[in-house]
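Here are my notes on this one, for when you have the viewer open. I went through the charged pairs and then the ligand site.

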Amino acid sequence: MPMKVKIVDWTEVERWSSSLSRSIVESGYAPDAIIAVARGGLVPARLLADMLSVKDVLSIRIEHWNETAKPEEKAVVKEPLRANLSGKKILIVDDIADTGESLMLAKENVSSCNPKEAKTAAFQFIGKTSRFKPDFIAEQLSEWIWYMYPWNYHEDVKNLIGRIKKPGDTEASIMEKFIAEYGARIPIDFKL
Ligand code: AMP
């Protein structure tokens with residue numbers, strides 16, 4: 001199998017959010033503001049803000065993996081944060097640290113806004129590939145795998161189908177090929 005994909009469902013998202021929020025509370029860290037690394041960190045950040053009762057939610061947009069499972073050479077800050085964070089304790093949130101570059105860059109950008117303290121959190125952390133370990137993680141992965149989060153179903157399905165589709169394929173043949181190629185079922189209704 002050339003590339004393994006895991007389909008993530010909302011129950012898992014809730015479980016990881018609760019587990020992250022529990023570790024953050026237990027550590028004694030009480031963030032004043034949460035900064036999402038868009039787009040992957042937007043939903044996790046919003047869920048954590050609810051669980052940790054944080055009203056101040058901002059975002060910074062970083063691009064690294066422009067197309068499903070194909071990284072650009074370098075992570076780039078597309079929309080930097082231009083906020084005054086002085087005196088504030090910050091939690092920076094992303095969905096997964098794969099190379100870790102996006103979170104590293106986000107932390108650099110946040111640090112330039114003068115916060116009192118900045119910590120990072122991600123649902124997943126890939127130990128083998130990441131140069132940066134977030135302060136809080138819900139799950140450490142020992143192998144590289146593409147996590148298809150519910151906020152990326154449509155984009156990922158479109159990109160991944162595009163790589164295996166041949167003339168004459170039908171929805172049924174694509175479903176079979178998808179399973180053979182990626183080890184997962186397509187999680188949404190789709191038309192070719
Ligand atoms: P990175 O800078 O390599 O740590 O990853 C940047 C962003 O790309 C992550 O926050 C995800 O949104 C997306 N991404 C990278 N690797 C994966 C993966 N293995 N599974 C799902 N999304 C990923």
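1. Ground rules. This is a predicted model, so to speak: local features need pLDDT of at least 70, side-chain atom pairs count only at pLDDT 80 or more, and totals for chains, interfaces and linings use all residues. Residues are numbered from 1 along each chain as its sequence is written, and side-chain values use heavy atoms, with hydrogens and water left out.

2. Salt bridges overall. The structure holds 11 of them, each being a side-chain nitrogen of Lys or Arg within 4 Å of a carboxyl oxygen of Asp or Glu.

3. Lys-6 and Glu-12. Their closest N and O atoms are 2.7 Å apart in a salt bridge. Lys-6 is partly exposed at 22% relative accessibility, while Glu-12 is buried at 12% (buried is under 20% relative accessible area, exposed over 50%, partly exposed in between, with a 1.4 Å probe and protein chains only).

4. Lys-78 and Glu-63. Here the closest N and O atoms are 4.0 Å apart. The pair links distant parts of the chain, 15 residues apart: Lys-78 is in strand β4 (residues 76-79) and Glu-63 in strand β3 (residues 56-63). Strands (E, at least two residues) and helices (H or I, at least four) are DSSP runs, numbered from the N terminus. Both partners are partly exposed, Lys-78 at 40% and Glu-63 at 22%.

5. Glu-143 and Lys-128. This salt bridge has its closest N and O atoms 3.0 Å apart. Glu-143 lies in the loop between β7 (136-141) and β8 (146-148), and Lys-128 in the loop between β6 (117-126) and β7, so the pair ties together parts 15 residues apart in sequence. Glu-143 is partly exposed at 49%; Lys-128 is exposed at 60%.

6. Polar contacts (N or O pairs within 3.5 Å). A polar side-chain atom of Ser-102 is 2.6 Å from a ligand oxygen. A polar backbone atom of Gly-100 lies 2.9 Å from an oxygen atom of the ligand, and one of Ile-145 lies 2.9 Å from a ligand nitrogen.

Conventions:
Polar contact = N/O pair within 3.5 Å; in protein donor to acceptor, adjacent residues only side chain to side chain.
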